[in-house]
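Thank you all for coming. Please take a moment with the sequence and the model before I start talking.

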Amino acid sequence: MIAQYGFNATLTARPGMGDRLVDLLLTGLDEGSPGASEHCVVYLVSRSASAPDVVHVTEGWTSEEEHHRIFAGEAAQAIVTQIEGLLAKESQYTDYVPVRGKAAF
């Protein structure tokens, strides 16, 4: 499947909570979670090299509609609720339409 919709999110955890935020975001890859969906073709969690409480998430989805449908579900909303409790400020989002690229881990 090819990503037709995606976004980057920058999340800033409360001081000292960056590790917890990363761990929580990575649960998004667990079976039944949004990142495990066949419609989520990119799910990358990264840390800022200079600010350990700043975390970046890159997601690529087969469609914007599938992203919204899956994120309206119970599993995604449970993660979102937990994330909100760790944040120092409102997250910043940039949506995009993927053109081409590569990811290998």
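What we have here is a predicted model, in which local features need pLDDT of at least 70 and side-chain atom pairs count only at pLDDT 80 or more, while totals for chains, interfaces and linings use all residues. Residues are numbered from 1 along each chain as its sequence is written, and side-chain values use heavy atoms, with hydrogens and water left out.

Let me begin with the salt bridges, by which I mean a side-chain nitrogen of Lys or Arg within 4 Å of a carboxyl oxygen of Asp or Glu. By that rule the count is two. In one of them Arg 47 pairs with Asp 19, and their closest N and O atoms are 2.9 Å apart. This pair links distant parts of the chain, since Arg 47 sits in strand S2 (residues 40-47) and Asp 19 in helix H1 (residues 18-26), 28 residues apart; helices (H or I, at least four residues) and strands (E, at least two) are DSSP runs, numbered from the N terminus. Arg 47 is partly exposed, at a relative accessible area of 35%, where buried means under 20%, exposed over 50%, and partly exposed in between, with a 1.4 Å probe and protein chains only.

The other salt bridge joins the side chains of Arg 69 and Glu 66, at 2.6 Å from N to O. These two are three residues apart in helix H2 (residues 64-71), and so are separated by about one helical turn.

Which residues of H2 are buried? They are Glu 66, His 67 and Ile 70. Looking down the axis of H2, these buried residues fall within an arc of 100°, so they line one face of the helix, the arc being that of the directions from the helix axis to the C-beta atoms. The face turned away from this buried side carries the exposed residues Glu 65 and Arg 69, and for Arg 69 the relative accessibility is 51%. What covers the buried residues of H2 includes strand S1 (5-12), strand S3 (54-61) and helix H3 (74-84), with contact taken as heavy atoms within 4.5 Å.

Strand S1 also brings us to strand S4 (residues 92-96), as S1 and S4 pair in the antiparallel sense over five bridges; two strands pair if DSSP finds at least two bridges between them. Within this pairing, Phe 7 has Asp 95 in S4 as its bridge partner. Of the five residues of S4, the number buried is zero, so S4 lies largely in the open.
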